[in-house]
Amino acid sequence: MALQQFAPIAALIILAVVLTFIISNISTIFGPSNNTSRKTAPYESGMQPIGVGMRRMPVKFYLIGVLFILFDIEVIFFLPWAVVFRDLGFYGLAVMGLFFFILTIGLIYEWKKGALEWE
Amino acid sequence: MGCDNIINTFAPCLSSSLGVPIEIANFIGIFLGVIIVASFPLLVAIALIWTERKFAARIQDRLGPNRVGVFGLLQPFADVIKLLGKEDITPAGADRPIYNAAPVVSVVSVLLIWAVIPFTPIHVGVDLSIGALYFLAVASLGTLAIILAAWASNNKYALLGAFRVVAQLISYEVPLALALLVPVMIAGSMSLVSIVEAQAGMWFVVSAPIAAFLFFISAQAETGRAPFDLLEAESELVAGYNIEYSGMKFAMFFAGEFMHVFTNAVLMAVLFMGGYLGPFVDQIPMLGLVYLLIKASFWYLLSLLMRNALPRIRIDQLMLFNWLFLVPLSVVNLLVTALLLMIVREVGLAPDDPRSFVDNIPQTIVLFLGNAALFVVVMSMVRNRFRAQRLAETQTDDLLPATAGD
């Protein structure tokens with residue numbers, strides 16, 4: 001039962017990847033193909049592009065990423081608890097409440113530090 | 001009924017009636033089921049493009065597509081044929097393998113969600129016991145497609161758009177997951193079929209309205225539609241992460257977005273409005289698909305209305321709205337629902353027969369009142385905060401003309 005369950009999903013992944021790969025490349029067959037250096041240049045509203053497009057990202061986004069990891073781990077702990085919380089009873093609820101409280105302190109700290117402000 | 005998915009009903013029938021070996025019958029069954037599951041959303045997407053354009057046109061006091069076919073119904077096909085004949089350009093300096101993989105990932109991430117969605121009582125791709133977790137895992141692949149596309153296309157606009165949108169998508173994934181857990185908690189299972197069956201007595205949209213609201217808002221943000229459409233803020237970023245794509249590769253991103261919106265509407269129907277449940281669905285299972293599509297259309301049209309009627313919000317507002325409003329609210333909502341469910345069970349108000357409407361009334365009333373109380377408390381907190389902010393602003397406004405006059 002355990003892994004057999006996922007056989008149709010494996011089949012779906014293969015079919016979906018093959019199908020979408022074919023569809024997404026179909027216009028290379030039907031469409032024209034006369035590339036010029038102007039045409040393949042990065043589009044920047046008609047300006048001459050300066051430097052490369054693959055740049056480092058502002059540190060702001062790393063802070064958002066850290067915040068996301070913090071709360072995504074929280075979600076991961078909430079997931080099994082949500083299924084069995086009836087068996088764990090009020091003790092389980094209190095523990096999850098405490099866990100959320102500690103995370104909230106982290107959130108408030110990051111907020112007060114200005115991680116959510118965009119200036 | 002006995003059988004709980006397409007494969008189980010189809011393969012034994014084929015092997016017993018035609019004498020096909022069971023292994024081959026199983027293989028054919030899986031193959032046919034997969035083709036149906038994969039092609040259904042792709043076909044729906046074609047109809048959605050017409051619906052969306054007509055709807056947007058009516059809101060903007062236009063006629064919308066009306067030349068190709070009756071009521072312009074053939075317009076999406078004309079669009080597809082046009083895109084087929086477009087030149088497929090790969091920008092110089094692009095990372096080719098990743099550039100070609102991104103549109104595929106974008107569509108596949110949506111297609112895979114349909115594997116666990118119950119269409120009718122007997123037609124489910126796979127009834128995974130961890131259906132809700134599977135949905136979360138697969139849906140987050142869409143974020144990956146965006147950063148892959150932007151990074152590989154060697155364009156500054158694309159990358160800037162992708163930074164913003166990835167920050168937005170990962171942020172709104174947290175309330176999405178936490179809101180998803182409320183139906184899981186009331187149903188006591190992560191399987192989407194069990195969640196639908198648990199709503200036979202009462203839809204979860206009545207007993208968990210805040211969770212439905214949170215799921216709808218964050219799902220709208222996950223699709224990157226207005227008012228959360230920072231990724232394609234036309235006036236700032238031209239088109240966002242898919243700016244360098246053309247031809248069918250662009251169409252794949254487009255189709256992925258349309259399917260994502262509709263998939264979210266279907267999930268709203270499955271998680272909060274009883275999915276395929278409706279009158280006579282036990283006798284005629286195919287009616288379930290009709291009910292599911294009717295319920296999904298309601299949420300789909302609501303999402304279109306939101307897209308067309310609301311203005312775009314700024315990125316700092318977007319982040320504050322998520323981290324200081326949606327995330328705390330979703331966690332508190334989850335804990336309050338758990339507390340109420342346990343109190344209901346301790347007091348003995350839990351339904352003896354979850355499928356009966358009358359048995360569910362006490363639990364639903366308790367949960368609904370809990371939600372209403374939470375709503376009042378949160379809204380008064382929000383009101384106080386903004387009142388203080390407004391007061392501070394009016395005070396500085398009064399000072400400004402005085403200093404300017406001197």
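## Loop residues of chain B

B:Phe71 sits in the loop between helix H2 (22–59) and H3 of chain B. Helices here are DSSP runs (H or I, at least four residues), numbered from the N terminus. The model is predicted: local features need pLDDT of at least 70, side-chain atom pairs count only at pLDDT 80 or more, and totals for chains, interfaces and linings use all residues. Residues are numbered from 1 along each chain as its sequence is written, chains are lettered from A and ligands numbered from 1 in the order in which they are written, and side-chain values use heavy atoms, with hydrogens and water left out.

Most residues other than glycine have a negative phi. B:Phe71 has a positive phi, near 55°. B:Phe71 counts as exposed, at 57% relative accessibility. The classes are buried (under 20% relative accessible area), exposed (over 50%) and partly exposed (in between), with a 1.4 Å probe and protein chains only.

B:Asn154 is not a glycine either, and its phi is positive, about 55°. B:Asn154 belongs to the loop between H6 and H7 of chain B. Is B:Asn154 buried or exposed? B:Asn154 is buried, with a relative accessible area of 12%.

B:Gly93 is in the loop between helix H3 (75–84) and H4 of chain B. B:Gly93 is exposed, at a relative accessible area of 52%. B:Gly93 and B:Val110 are 17 residues apart in sequence; C-alpha to C-alpha, they are 29 Å apart in space.

H12(B) has 26 residues. From first C-alpha to last, H12(B) reaches 38 Å, close to the 38 Å expected at 1.5 Å a residue. That expectation is 1.5 Å times one less than the number of residues. Of the 26 residues in H12(B), 24 are buried. B:Gly274 follows H12(B) and has a positive phi, near 75°.

B:Leu287 is part of helix H13 (residues 287–309) of chain B. B:Leu287 is partly exposed, with a relative accessible area of 24%. B:Leu287 and B:Phe119 are 168 residues apart along the chain, yet their C-alpha atoms are separated by 9.6 Å.

## Cavities

How many cavities of 30 Å³ or more does a search of the whole structure find? The search finds 3. A cavity is a set of points, on a 1 Å grid over the protein atoms alone, where a 1.4 Å probe fits but cannot get out; lining residues have an atom within 4 Å of a point. Grid points are joined across faces, edges and corners, and a volume is the space filled by probe spheres set on the points.

The largest cavity has a volume of about 220 Å³. Its lining has 19 residues, and the closest to its centre are B:Gly142, B:Ile146, B:Glu222, B:Tyr241 and B:His260. Elements giving two or more residues to this lining are H4 (96–113), H6 (141–152), H7 (156–187), H10 (209–223) and H12 (247–272) of chain B. The lining divides into 9 nonpolar, 8 polar and 2 charged residues. Nonpolar covers Ala, Val, Leu, Ile, Met, Phe, Trp, Tyr, Cys and Pro; charged covers Asp, Glu, Lys and Arg; the others, Gly among them, are polar.

The largest nonpolar core has 140 residues. Such a core is a set of buried Ala, Val, Leu, Ile, Met, Phe, Trp, Tyr and Cys residues joined through side-chain atoms within 4.5 Å. A:Phe78, A:Trp81, B:Phe135, B:Phe215 and B:Trp323 touch the most other members. H7(B) gives the largest share of this core, 21 residues. Domain 1 (1–30) and domain 2 (53–119) of chain A both give residues to this core, so it lies between them.

The bounds of these domains come from an automatic or database domain assignment. The C-alpha centres of domain 1 and domain 2 of chain A lie 34 Å apart.

Key. On a 1 Å grid over the protein atoms alone, a cavity is a set of points where a 1.4 Å probe fits but cannot get out, and a pocket is an open set with protein on both sides within 12 Å along at least five of seven lines; lining residues have an atom within 4 Å of a point.
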